[in-house]
Every structure is written in structure tokens, then in C-alpha cells.
Amino acid sequence: MGINSQAQLEAEIAARRDALIALTQDLIRIPTLNPPGQNYFEICDYLKTRLEASGFTVELIRAKGALADSDTHPRWNMVARYEGGMAGDTVHFNGHHDVVEVGHGWTKPPFGGVLEDGRIYGRGACDMKGGIAAAIIAAEAFIATHPTFKGAIEISATADEESGGFGGVAYLAEQGRFDPSRVQHVIIPEPLQKDRICLGHRGVWWAEVETKGRIAHGSMPFLGDSAISHMGAVLSEIETHLLPLLEGKHTAMPVVPPQARQSTLNINSIHGGEAEQSADYTGLPAPCVADRCRIVIDRRFLIEEDIQNVKAEVTAMLDKIKATRVGFDYEISDLFEVQPSMTDDRSPLVQSVGQAIERVLERKAEFVVSPGTYDQKHIDRIGKLKNCIAYGPGILELAHQPDEWIGVDDMQDSALVMALTLVELLPPF
Ligand SMILES: [Zn+2]
């Protein structure tokens, strides 16, 4: 690619600065709160009008019957496609259009899209309406400078990433939309910072562990057997043996923050004994020995680990307690699991984005891996597509915070990186 091409694209994107700002503001001003999943149709319809005007063919797809889909809160998705005029690869930009709750502590209107000192404020500004806007401007600038090219560009805006992505990317993947015969490269413009490429994420296993007891009157605990005491033995074993074992398991995955470059385990919740009463109950609790106690564990595992071993470690620990502790019994059930995912950093997608970052920002791209999962998991597992990265403007730590913002310069820089990537992967002719 010549210097001219880069200068042309830079000029096209600079000329669209006002359009980029307006687009980001418009998207923020459609409050797509999830839960429950508000205004999904409105935002998809807005994007449809916008992208059709730029020559895209646009479909609105409802994830009918998917988790959380209902007539009151239908799960709408938008998929747009632009053909370059000759056979070639498809590059797909995927952004989730849902945002999390507002929360407290805002000094700016959360759905106002206020522009101040080069920053646009609002819920979803960085996570990830700014990223969607940058991808759209990148595609439009590329098409303006290179009207004919090999392959196609797709842009999607999808539902429910913040609640698992089942009515969004997972649904589209099940419909074959991310089949490797159809799409060859996916860029998810999540706010990972404009000089970083996120290659994937660690694995997840959630499980519920229940200890058993025998109910009795609380004044005569010797007549019962406390499930809470038994769970105490489990917690102690986790702290003294399991956690040190996990701390010793390190990964070659470049996970950020670096403290997450090992296996981790969190106890997400614990509950034992009588159920908690609602806030309007004014009475006292009843005295009983707890006959069951439950915890939910959240184990994050590494690409070097096998999920069967991850599970076996926990059951071995529980069996060890059972062998030595009188009256101890347990049940364990799987809740959720996702395999770790990491795109090859030698793939054409990663190489093209990396080179574009060097050209635009004059520094080497940093490769990172996310400690938690995002929609890449569905593209990998259901879609069977490996060439997927997260790359987009914004600062990850601002996501889900009050006064969330996105910098206009950052959006412009990453739009240029995306446009240069298109030149590499979809050769103009
Ligand atoms: Zn996000």
C-alpha cells in the first residue's frame, strides 16, 4: 500500500469528523438499556437507514425464541453488507448495541451525548457505540477512496452482549452468519485502546457446589448436622490448598491485567440455611440447623489447561474432604462453561491490524488477552471462526462507569487503522 492511499484515507476520515461525532451522539441518545433490552429495534432501524444511504444492503434480524426475547423486549440485530465487485474475503465488524444500567455518580446526562473538550459522554460511549461509529466511518472512508475491491464488508450491531450474547452474536452464529465459508475476518471494536489488539480470552467454568446437612432445632444443634459447617471445611480447603495450586499455574497468554496471567477462582455467592426474607418482613428468623449450603464458583482457566482437569481438581478436593470428614456429602452441578480462545498472532487479520497501528500511531501494537469473555466466544465456538480479534477505541476501565466517555481523536485514529486494514485484506482493483 502506498503512502498516497494512507494520506487519502486520512483525509477522508478527517472530512468525516463531524459525521463521526454526530453518529456517536445519535447512538448514545437511543437508550438501549440491558436488562431489560430497550429500544433494540430503534437503534437497528437507525443504523439501517444510515448504512443503506452508504450503499449497504441491510437486514434486521430478530432472535426469535432466544434467551430473553419477548414481544415486549424483542432481541433485534442489524447486519449490513457491501460487495466490492469481485470475489474475495469478507471482513466483518461486530459491535454490541446494548448498554448496561446507568448507576449513580454522573455529572453529565447519561443519554445526552454531550461533546466537551474532544470527548463525547454517555452510557455506552466507549462500550461500545463509539467503536461502532468508528467502524462505520472507516468503512465509508474506505469505500469512498476504493469503490471497487475484492471481497465484502459486513457491519453488524447485535443485542445482549452484556448479558451473554445469546440473543445477539450467538443467535447469528447459530444461523451460520459466522461460518468460515462466509466470513473470514472479524473485528469487534470493544474499547481495548487504539494501540492494542485483543486476541482472545481465558476460559470460564461456573459450577454450584452444595453441601448436605440435617435440619434440627437451633437450640439442640447436636441433633442435626450443619451444612454450613461442612461448607466451612470446603472454603478452608479452597484457601489452603486449591488457591495456592492455581497461583502456580501461569500462562503464555498476554492477559491484562498481568495479575490475571494465571488460573483464578472466585466464590461468586454463598447461601446456607433458611432463605432470606423480603425487606418488608418484620419478624425474626427461625432457629434451625442448616440442611443445605450452596456456593457458586467462578473458575477462569488458561489455554494450557484442559477443562476436564479443571473440573477434576475440584471434585478431587471435595472427595478428599468426604473421605475424612464425618457426615460430609456434596453435589456439584455445572452452570456455564466457555473454552479459552486465542487467535494466532501470525494470521493475516492480526498482522494487518498490527501494521496499520504502527503506521498510524508510530508504535508497535500490543497484543493482549482479556481476563473475561465477550462475544468472541460465540464466533469461535458456534461459528467455528478463528480469525477474530477485539480492536477499538476507548479505555476499557471507563466501561460501565459513571461519566463514561470516548475521545474523538481516538475514534478517528482507530477508524484509520480499520480502514488501512480493509485496504490490506480487501485489495482494491
Ligand atoms: Zn462491550
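The following legends describe close-up views of a predicted model.

**Figure 1. Division of the protein into domain 1 and domain 2.** Domain 1 is made up of residues 3–201 + 340–425, and domain 2 of residues 203–273 + 286–337. The centres of the two domains, taken over C-alpha atoms, are 38 Å apart. Seven residues of domain 1 and eleven residues of domain 2 form the contact. On the domain 1 side, strand β14 (residues 366–370) gives the most, with three residues. This side of domain 1 has six nonpolar residues and one polar residue, and no charged residues.

**Figure 2. Packing of helix α8 against helix α10.** Helix α8 (residues 348–361) and helix α10 (residues 408–425) pack at an angle of about 135 degrees, and their axes lie 8 Å apart. The two helices are therefore oblique to each other. The crossing of α8 past α10 is right-handed. From α8, the contact is made by P348, S352, V353, A356, I357, R359, V360 and L361. From α10, the contributing residues are D413, L416, V417, L420, T421, E424 and L425. Sorted by class, the residues of this contact are ten nonpolar, two polar and three charged.

**Figure 3. Cis peptide bonds at D127–M128 and V256–P257.** Most peptide bonds are trans. The bond that joins D127 and M128 is cis, with omega of about -5 degrees. M128 belongs to helix α4 (residues 125–145). A cis bond also joins V256 and P257, where omega is about -5 degrees. P257 is located in the loop between α6 (227–247) and β10 (264–272).

**Figure 4. Positive phi at A68, a residue that is not a glycine.** Most residues other than glycine have a negative phi. In A68, by contrast, phi is positive, at about 80 degrees. A68 sits in the loop between β1 (57–62) and β2 (76–83).

**Figure 5. Positive phi at Q193, a residue other than glycine.** The phi value of Q193 is near 90 degrees.

Methods:
Residues numbered from 1 in each chain as written. Predicted model: local features only at pLDDT ≥ 70, side-chain atom pairs only at ≥ 80, totals over all residues. Axes fitted to C-alpha atoms, helices over the stretch in contact; angles between N-to-C directions. Helix = DSSP H or I, 4+ residues; strand = E, 2+ residues; numbered from the N terminus. Parallel < 35°, antiparallel > 145°, perpendicular 65-115°, else oblique. Left-handed = near helix turned anticlockwise from the far one by under 90°. Contact = placed C-beta atoms within 7 Å. Nonpolar A, V, L, I, M, F, W, Y, C, P; charged D, E, K, R; others polar. Domains from an automatic or database assignment.
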